[in-house]
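This report is for a reader who meets the structure for the first time. Please look at the sequence and the model below before reading on.

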Amino acid sequence: MTVQDDDMNVDLASGIAAFEAKQFSRAVGLLSPLADTGDADAQYRMAIMAQNGLGMVKNELMAYKYMKAAAE
């Protein structure tokens, strides 16, 4: 495991903690880059936030994209 992997794990854990604490704007900032690099946990949470307009403007197309990616 590299330092970069450790940083990503910390960001994922922090993003999930922010999501669970309903700090959605912070969660979006932490999880979005991870979701874009293919992390399924981050993609799933980004889909939920996009679908419901949590920490961002509601975006059903983005929600679909992230949910589909997380499922694959």
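## Basis of the report

This is a predicted model, in which local features need pLDDT of at least 70 and side-chain atom pairs count only at pLDDT 80 or more, while totals for chains, interfaces and linings use all residues. Residues are numbered from 1 along each chain as its sequence is written, and side-chain values use heavy atoms, with hydrogens and water left out.

## Packing of α2 and α3

Helix α2 spans residues 24–36 and helix α3 spans residues 40–52. Helices here are DSSP runs (H or I, at least four residues), numbered from the N terminus. The axes of α2 and α3 come within 9 Å and cross at roughly 135°. Axes are lines fitted to C-alpha atoms, for helices over the stretch in contact, and angles run from 0 to 180 degrees between N-to-C directions. The angle makes α2 oblique to α3. In this scheme, angles under 35 degrees are roughly parallel, over 145 roughly antiparallel, 65 to 115 roughly perpendicular, and the rest oblique.

The crossing of α2 and α3 is left-handed, a term used if the near helix is turned anticlockwise from the far one by less than a right angle. On the α2 side, the contact (heavy atoms within 4.5 Å) is made by Phe24, Ala27, Val28, Leu31, Ser32, Leu34 and Ala35. On the α3 side, Ala42, Gln43, Arg45, Met46 and Met49 take part.

## Packing of α3 and α4

Helix α4 covers residues 60–71. It packs with α3 at an angle of about 155°, and the two axes are 8 Å apart. That angle makes α3 roughly antiparallel to α4. The crossing of α3 and α4 is left-handed. From α3, the contact involves Ala40, Gln43, Tyr44, Met46, Ala47, Ile48, Ala50 and Gln51. From α4, the contact involves Met62, Ala63, Tyr66, Met67, Ala69 and Ala70.

Two residues from this contact can be described further. Gln43, in helix α3, is buried, with a relative accessible area of 6%; buried means under 20%, exposed over 50%, and partly exposed in between (1.4 Å probe, protein chains only). Leaving aside neighbours within four places in sequence, Gln43 is in contact with Ala35, Gly38, Tyr66, Ala69 and Ala70. Ala63 lies in helix α4 and is buried, with a relative accessible area of 9%. With residues up to four places away in sequence not counted, Ala63 touches Ala47, Ala50 and Gln51. Ala63 and Gln51 are 12 residues apart along the chain, and their C-alpha atoms are separated by 5.1 Å.

## Aromatic rings and charges

The model has 1 aromatic pair. The ring centres of Phe19 and Phe24 are 5.7 Å apart and the planes stand at 80°, so the pair is edge-to-face. Rings of Phe, Tyr and Trp (its six-membered ring) pair if their centres lie within 6.5 Å; planes under 30 degrees apart are stacked, over 60 edge-to-face, and the rest tilted. Both Phe19 and Phe24 are buried.

Arg45 lies over the face of Phe19, at 5.9 Å from the ring centre. Lys65 lies over the face of Tyr66, at 4.8 Å from the ring centre. A charge sits over a ring if NZ of Lys or CZ of Arg is within 6 Å of the ring centre and within 35 degrees of the ring normal.

Ser14 is found in helix α1 and is partly exposed, with a relative accessible area of 23%. Apart from residues up to four places away in sequence, Ser14 touches Arg26 and Leu30. Ser14 and Arg26 are 9.0 Å apart in space, C-alpha to C-alpha, and 12 residues apart in sequence. Ala18 also lies in helix α1 and counts as buried, at 2% relative accessibility.

Lys22 is in the loop between α1 (3–20) and α2. At 63% relative accessibility, Lys22 counts as exposed. The phi angle of Lys22 is near 65°, a positive value in a residue other than glycine.

Key:
Helices (H or I, at least four residues) and strands (E, at least two) are DSSP runs, numbered from the N terminus.
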